[in-house]
Amino acid sequence: MRTELVWKVGGQQGSGIEKPGSVFLDACSRLGYYTFGYRHFMSRIMGGHTNYQVRVSHRPVFAMGDCTDVLVIDREGAQEAIDMNLPEMAPDGVIVADAGMEAALPESSSIQLLKVPFHDIAAEIGGDLYWNMVAMGASCAVTGLDRQAFRDLVQATFGRKGEKVVQANYEAIDRGYRYVLDHFGTFSHLQIAPVREPKRRLTMEGDNAAAFGALAGGCRFLAAYPITPASMIMEWMAREVPKFGGVVVQAEDEISAILMAIGANYAGARGMTSTSGPGFSLMQEALGLSGLTETPVVIVNVQRGGPATGLPTKPEQGDINEMVYGSHGEIPRVVLAPGTYDECFYDTAAAFNLADTHQCPVIVAMDLTLGMGKGTVESLDWNRVRIDRGKLLDAQSLTQLGAPYQRFEETEDGISPRVLPGTPGGVHLNTADEHDFVGRITESQDTRRRIHDKRLRKVQQVDFPGVALRGDLPADLLLVGMGSVTGPMWEAADRLNTKGARVAVCQIRRVWPFPVEEFTAALAGAKVALVCEHNATGQLAHLIRAQCGGDLLPGLRKYDGDPFRPAEVVQRAEEVLADVRNARIA
Amino acid sequence: MSATLVSPKAFVSEYPTWCPGCGDFGVLNALRSAAARLGLQPHQIVVVSGIGCSGKINSYFNSYGLHTLHGRSLPVAQGVKLANPELTVIASGGDGDGYGIGAGHFMHAVRRNVDITYIVMDNQVYGLTKGQTSPTSPTGFVSPTTPQGSADGPVRPLRVALANECSWIAQGFSGNIRQLTELMVQAISHKGFSLLNVQSPCVTWRPTILENGEKVGVYEWFKKHLHNLEEDPDYDPTSKAAAYAKLLEHGDLVTGVLYRDERPSFREHLKGYTDRPMADLATKPDNEALEGLAAQFR
């Protein structure tokens, strides 16, 4: 029996395809499998093809499957669903389609097509919406997944709607299941082994994990503007944050969103904003406000395909330059890059400590695959979340200063104690004009030099890991990347190493300040490196060269709107390894 | 609150760098008097300002001050107030700042109705950048950026505020500090967003106004044309129709409270929202609460 399976549902956008996708993923998670889900969709409400791929495995998985074993398609948009997904189908795969569809497979195809009357059965049960569950039952028959997990999900989801709805859903599952068995028998090559003693792990989208991390890290204020693929952060926080005394404001635009977050931080809240590329571009001026006034702020940027409106529903890592260099003038900043769902949680929580202790903007660099993708999180350790508000003076400590309070006191580490408005004895001006150590506007050349240096040295020491290494050094090849590219790199390395190669992975965890020493040490342990990134111009590779020197490292750059798959990393890695071997022979 | 503890002098910091005769002196003095009359202490107030001559006001007013970006005082001020409802938050700026580059924020702050006061020093000209046309400059205004005279019609801030049902709207005049102080006291006391537009003349870049072919001094012109709504015993500032009629009748040249209503402010719509400083809430929820949140992902 198999230990891994890739299942997918596809159809016309607007017909609710994401629902069976997430139901399938959640049920498999309940059965104790590790899961990884990715939704392909278009920036429109109705029409066009959409699909949801779910990878199910006995071992942790961090990337999309290279090919699909079982594809479920709806009646509407069936031909497009077939045409779009056929190239991705495994040669011995199965398509389960509604019997009423008129589409067909090419004659030469080795794929088996099972026609199941999803909608007719649903109508008999009492409503077209039940087709989802008929399809779930049919999927169980094809793959051998235990129907009970789907029944449990139905109970959890529809229990409130009454026993009748629950029973109708049970019937839909059973009828779909029986139809496949009665008409097509079993598919032994597609059966996935059950997990013994299944563990109930967490299954999270990166956006939700980041939002949860923010709340856990003390954030009680979010101002944001809806934008794909970051809206889920706002929606989750709008639901949960008020339960903890906080507030979520839907701002009129992203300019206002970040400024409100800066205002909230200035007044002592832990506040943030969440956005994607177009919104992040609008925030550039305010990044400088945070930098110059030394006001903490956290920005979660879930990158999508750019430039301009670009590819709103597709992944890319095209904002690296903007996150590292953006805003006019020069400011201290920190850019973190989670690569897994649990890192989205921990990093966003940690971002607030870094913002408070360094009094500067902290950007959490995510991307669409990570933000909207969904997968297994083994567990979350609450003890890893701690709160550090940095240098903060209250009224009593102000009276003990022994000297007049200076908001921008010239200190060795550049960090000056903060006083929150409302504190007696700490009244001061803070201005986005260049200012002196007290806070008064100045154009003194000496003061300008000294206070600019003071600000910039605040991030010389940042307590956050720079890179995360996986695999053994020395190695022949070091795969380098960040964000959602991490998982595909890990899997590619595992596959190559199983075949006898020596490949390690260096995930960039802190993009800025760039971890020069840590990275250089890792690089020294490999014969060659390959920078895998989701953009055309090699922004990460160029950042590495600018910071660490040396030649531009070879790259695998993807910018076609599709997430990285492990197989394409393997392919490029093998080319690079062959080049190394050939060079040695030559 | 005691109204006798604090003197306006408590709110004096530096001497302004404004030109002698600038209308903004009147605004600054009225604000100091109003704060004293309300019994506020300097540490209880945050003045969030934009950029321009008007934006310098918090350099001269002794309280917590945050001097931000051009046009951006309102979002920052709303964030400050939402994070600490105990603070008295005043946003301030000029006509270019608030009705030009920041106009979008203005309209949305009006409808959001967060409990802050917005004081706009409206002089119909860009001062700090030396005399260019502003969003409230009249059509035909000749300046370095509009040498043939401005083709644009002016923004009418009082009408914009009224159209979006701003919960408190007034206009004052730097030449009448007594009325201006009273308006500031009311504006700050109002529970919701209050707009106080102040005709605050620029004696350097718009010292005179052309009337029937003759140059009239700017203060003199405003004194002559401003109509004080308080002198009209029948005027009902709770009527939107009456307010709009007055604006049409006097070409927006009115002073006093134009409109007010008691609709709920932003915070009154929210459930669960703290009435304490949010700094006190910046903590990790206990493990039970975190487990409860995690349950939705299992």
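**Notes on a two-chain model**

A:Pro513 sits in the loop between β19 and α18 (516-524) of chain A; helices (H or I, at least four residues) and strands (E, at least two) are DSSP runs, numbered from the N terminus. The peptide bond that leads from A:Trp512 into A:Pro513 is cis, and its omega is near -10 degrees.

Before going on, this is a predicted model, in which local features need pLDDT of at least 70 and side-chain atom pairs count only at pLDDT 80 or more, while totals for chains, interfaces and linings use all residues. Residues are numbered from 1 along each chain as its sequence is written, chains are lettered from A and ligands numbered from 1 in the order in which they are written, and side-chain values use heavy atoms, with hydrogens and water left out.

Back to the backbone. Another cis peptide bond runs from A:Thr228 to A:Pro229, with omega near 5 degrees. A:Pro229 belongs to the loop between β8 (221-224) and α8 of chain A. A:Glu197 is not a glycine, yet its phi is positive, at about 50 degrees. You will find A:Glu197 in the loop between α6 (163-184) and β7 (202-205) of chain A.

Next, helix packing. Two packed helices are described by the angle between their axes and the distance between the axes. In chain A, helix α7 (residues 206-216) and helix α8 (residues 231-240) have axes that come within 8 Å and cross at roughly 45 degrees (axes are lines fitted to C-alpha atoms, for helices over the stretch in contact, and angles run from 0 to 180 degrees between N-to-C directions). That makes α7(A) oblique to α8(A) (under 35 degrees is roughly parallel, over 145 roughly antiparallel, 65 to 115 roughly perpendicular, the rest oblique). On the α7(A) side the contact (heavy atoms within 4.5 Å) is made by A:Asp207, A:Asn208, A:Ala210, A:Ala211, A:Phe212, A:Ala214 and A:Leu215. On the α8(A) side the residues are A:Ser231, A:Met232, A:Ile233, A:Trp236, A:Met237 and A:Glu240. By class, these residues divide into 9 nonpolar, 2 polar and 2 charged (Ala, Val, Leu, Ile, Met, Phe, Trp, Tyr, Cys and Pro count as nonpolar, Asp, Glu, Lys and Arg as charged, and the others, Gly among them, as polar).

What does α7(A) meet in chain B? A:Phe212, A:Leu215 and A:Ala216 of α7(A) meet B:Leu290, B:Leu293 and B:Ala294 of α10(B). This contact has 6 nonpolar residues, with no polar and no charged ones. The axes of α7(A) and α10(B), which covers residues 287-295, come within 11 Å and cross at roughly 170 degrees. The two helices are therefore roughly antiparallel to each other.

One more helix pair lies in chain A. Helix α1 (residues 18-30) packs with helix α4 (residues 131-143) at an angle of about 40 degrees, and the axes are 10 Å apart. So α1(A) is oblique to α4(A). From α1(A), the residues A:Lys19, A:Pro20, A:Val23 and A:Phe24 meet A:Asn132, A:Met133, A:Met136 and A:Ser139 in α4(A). That contact has 5 nonpolar, 2 polar and 1 charged residues.

Chain A brings 61 residues to the contact and chain B brings 52 residues. A:Glu252, A:Trp382 and A:Val427 supply 14% of the area that chain A buries against chain B, more than any other three residues.

Finally, salt bridges. How many cross the interface of chain A and chain B? The rule, a side-chain nitrogen of Lys or Arg within 4 Å of a carboxyl oxygen of Asp or Glu, finds 2 salt bridges there. B:Arg72 forms a salt bridge with A:Glu285, with the closest N and O atoms 3.6 Å apart. Over all chains the count comes to 53 salt bridges. Within chain A, A:Asp347 forms a salt bridge with A:Arg509, the closest N and O atoms being 2.7 Å apart. A:Asp347 lies in helix α13 (residues 341-358) and A:Arg509 in the loop between β18 (503-508) and β19 (510-512), so the pair ties together parts that are 162 residues apart in sequence.

Notes. Buried area = accessible area lost by both parts, 1.4 Å probe.
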